[in-house]
Amino acid sequence: MAPRRSQGAYEPVSPKQVPAPGVDPYFPANGDARYRVHRYELALDYRPGPNRLGGTARLSAVAGAVPLPEFALDLAEFRIGRVLVDGRAAHYTHRAGKLRIRPAKALAAGAAFTVEVHYTGNPRPVRSQWGGLGWEELTDGALVASQPVGAPSWYPCNDRPGDKASYQISITTPSPYTVVVGGRLLTRTTRASSTTWVYEQPAPTSSYLVTVSIGHYETVRLIEPSPGPEPLRAVPQTAYLPARLLPEFSTDFGRQAQMMHFFEDVFGPYPFGEYAVVVADEELDVPVEAQGLATFGTNHLGGARGSERLVAHELAHQWFGNSLSIADWRHIWLNEGFAKYAEWLWSEHVGGRTAAEHAATAHALLAGLPQDLRLGDPGKKLMFDDRLYERGGLAMHALRRALGDTAFFRMVRDWAAIHRHGTVSTADFIAHAAHYATGPLDGLFDAWLHETSLPPLPVGT
């Protein structure tokens with residue numbers, strides 16, 4: 001969703017197998033396309049009272065096709081203690097959210113290198129046209145919601161969606177707090193009045209999809225992993241929420257395990273080792289997806305499944321947006337179109353309104369709104385416009401009508417399988433879909449993705 005205000009174990013990818021994408025046209029100042037990171041190791045200490053964060057970030061990276069006399073990381077206004085490149089002190093400047101680093105010796109083209117940054121400060125959201133993004137101090141705790149450019153609010157990174165890496169994150173906090181990070185909890189160690197939580201996310205992860213939640217939470221197991229031949233039973237699902245909300249949560253998220261099974265049938269095996277849900281003790285405008293985790297607010301509970309479409313939307317992002325990440329933000333409709341259509345598919349599956357009925361409602365809504373959105377390249381200003389979500393769902397429904405159900409759902413499963421843990425673009429999707437059609441799809445994609453006027457409502461069998 002837009003920002004606020006395993007089954008199938010992950011198979012590691014060698015860093016030399018994945019080419020570095022180019023500069024993001026919507027955020028050309030973010031990231032550095034001259035290198036790519038393949039692993040982050042963050043060792044952090046957070047004190048909720050004074051909102052004080054400090055620690056060390058160690059990045060393992062690979063230079064691109066040309067030597068690097070210098071390179072840049074994205075990092076908000078923290079105090080830098082020291083910066084090391086391959087264990088040696090490096091010169092650096094830190095201004096306007098950019099940490100520019102000059103190693104003692106230029107890095108050779110294709111060279112593997114490490115960067116270590118020691119930093120401290122009071123994390124706060126990155127300012128943007130959508131409000132604050134990233135690390136947010138709560139009444140009692142904190143959460144991270146970084147889409148699209150909030151990651152530098154709390155750690156130094158190469159902040160491009162196509163530069164995906166594995167993560168190990170260690171966070172020390174006062175012991176009464178629970179720390180939740182997307183990934184597998186490796187250890188939890190208490191010493192005196194502090195507890196250190198260590199999480200591992202081995203799957204390639206975009207910087208904006210790394211999240212942290214810190215609060216007073218009860219832990220609920222939605223489904224336990226179980227041995228045996230049935231793969232759909234193997235995804236552990238855990239929820240973290242304030243204890244007082246447990247009765248409402250049991251209804252509002254009561255069908256999530258069934259939803260996971262259904263999406264595995266439709267989209268293919270769940271792409272990560274586990275799935276977690278956090279209900280922060282705060283109202284949030286919208287839920288926020290992260291790698292292997294989704295964060296909801298207290299306002300998304302009510303005991304009547306009133307936000308179940310959002311539960312479906314965030315879960316679907318684990319396939320579309322997280323496992324399959326966009327090469328740059330021009331292609332955001334690929335994330336949101338699939339997730340919106342997943343809402344409609346779930347509704348249809350459980351006997352609610354059919355996907356065709358949802359499509360008709362969305363089409364009638366869009367017909368009465370301005371016709372100035374180009375879905376395949378909406379521009380930075382409109383990338384989180386509500387119309388993008390609805391039109392994205394309609395584009396998927398139009399493709400389903402054009403291909404027929406058998407070919408469409410085979411196409412979707414293959415799309416998720418072929419590009420698992422990779423990066424994708426609109427051109428990739430158009431080329432992929434063409435393999436499942438009996439005739440050309442150029443007119444359909446031109447109308448739905450490249451023209452601003454609303455095409456007719458998709459009909460047919």
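Some bookkeeping comes before the details. The model is predicted, so local features need pLDDT of at least 70 and side-chain atom pairs count only at pLDDT 80 or more, while totals for chains, interfaces and linings use all residues. Numbering starts from 1 along each chain as its sequence is written, and side-chain values use heavy atoms, with hydrogens and water left out.

Helices and strands here are DSSP runs numbered from the N terminus (H or I with at least four residues for helices, E with at least two for strands). Helix α2 (residues 256-267) and helix α4 (residues 332-349) have axes that come within 11 Å and cross at roughly 115°; the axes are lines fitted to C-alpha atoms, for helices over the stretch in contact, and angles run from 0 to 180 degrees between N-to-C directions. The pair is therefore roughly perpendicular, on a scale where angles under 35 degrees count as roughly parallel, over 145 as roughly antiparallel, 65 to 115 as roughly perpendicular and the rest as oblique. The crossing of α2 and α4 is right-handed, that is, the near helix is turned clockwise from the far one by less than a right angle. On the α2 side, Gln258, Met259, Phe262, Phe263, Val266 and Phe267 make the contact, and α4 answers with Ala342, Leu345, Trp346 and His349 (contact means heavy atoms within 4.5 Å). Sorted by class, that gives eight nonpolar, two polar and no charged residues, where Ala, Val, Leu, Ile, Met, Phe, Trp, Tyr, Cys and Pro count as nonpolar, Asp, Glu, Lys and Arg as charged, and the others, Gly among them, as polar.

Helix α8 (residues 426-434) and helix α9 (residues 442-450) also have axes that come within 11 Å, crossing at roughly 150°, which makes α8 roughly antiparallel to α9. This crossing is right-handed too. Thr426, Phe429, Ile430 and Ala433 of α8 meet Phe445, Leu449 and His450 of α9, a set with five nonpolar, two polar and no charged residues.

A nonpolar core is a set of buried Ala, Val, Leu, Ile, Met, Phe, Trp, Tyr and Cys residues joined through side-chain atoms within 4.5 Å; buried means under 20% relative accessible area, exposed over 50%, and partly exposed in between (1.4 Å probe, protein chains only).

Thr173, in strand β11 (residues 165-174), counts as buried at 0% relative accessibility. Beyond four places in sequence, Thr173 touches Tyr46, Arg47, Val179, Ser193, Ser194, Thr195, Trp197 and Ile214. Gly134, in strand β9 (residues 134-138), is buried at 4%, and its C-alpha atom is separated by 7.3 Å from that of Trp154, 20 residues apart along the chain. His397, in helix α6 (residues 386-403), is buried at 1%.
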